[in-house]
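User: Can you walk me through reading strand pairing in a model like this one?

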Amino acid sequence: MAKRLNIDPDDYDFSGWATKYGVKCDDGRTIAHGAFDHFHGRKLALVWHHKHDEPAKVLGHILAEARTGGLYTYGKFNGTPNGSLAHQQVDAGDLDSLSIWANKLTTEGPIVKHGTIREVSLVLSGANSEAKIDAVMAHDGYGEPVIDEDGNEVFDHIVVFGGEFIEMAATSSDSNTTDTVGDIL
């Protein structure tokens, strides 16, 4: 497995899974573990709904990170009208699905073993049900991250999928106070 990328969240607008390995997609194919690991550290176009033949549909770019579960991405919207609109829709939670378009596939039956990803798309609903945006970074109107009173970056929202480990910590000036997970959430 490739080493994790050193990502500065301030440089990106969202993150999430472009594809998850071992998930049967709506087209009947399953992406094998490691099939796209060779895209680790690569920058790819982010487009609207696989409209890669229309320059106006390029919304920005993603940086790919190979992980055990699939290809994780960090996305950055461009300043075009379409990129700005998509950014607003992701921020609002209206759009949260990603999809890859790949060719030069090596397959064994319905299992995709290797291929070349040409673009990652923001879509209404992807073929891989687990290819989702799971974090949206909050920025003010000038593209700067939103920082709370304690100097921590504030995320607009974060989506947690089942089976993920969550570690939470809370501090309180009153040492007799015990916060529950419900209190924190």
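Analyst: Let's go through the strands and their partners. This is a predicted model, where local features need pLDDT of at least 70, side-chain atom pairs count only at pLDDT 80 or more, and totals for chains, interfaces and linings use all residues. Residues are numbered from 1 along each chain as its sequence is written, and side-chain values use heavy atoms, with hydrogens and water left out.

User: What counts as a strand, and when do two strands pair?

Analyst: Strands are DSSP runs of E, at least two residues, numbered from the N terminus. Two of them pair if DSSP finds at least two bridges between them. Take β6 (residues 97–108): ten bridges join it to β7, and the two run antiparallel. In that pairing, N103 stands opposite T116.

User: How many residues sit between β6 and β7 in their hairpin?

Analyst: Two, and G109 in that turn has a positive phi of about 65 degrees.

User: Which strands pair with β7 in the parallel sense?

Analyst: β2 (residues 30–31) does, over two bridges to β7 (residues 111–123), with T30 partnered by I111. β3 (residues 43–48) does too, over three bridges, and W48 has L122 as its bridge partner.

User: And is β5 mostly covered or open?

Analyst: Mostly covered: seven of the eight residues in β5 (residues 70–77) are buried, meaning under 20% relative accessible area with a 1.4 Å probe, protein chains only. A hairpin of two residues links β4 to β5.

Terms used
Helices (H or I, at least four residues) and strands (E, at least two) are DSSP runs, numbered from the N terminus. Buried means under 20% relative accessible area, exposed over 50%, partly exposed in between (1.4 Å probe, protein chains only).
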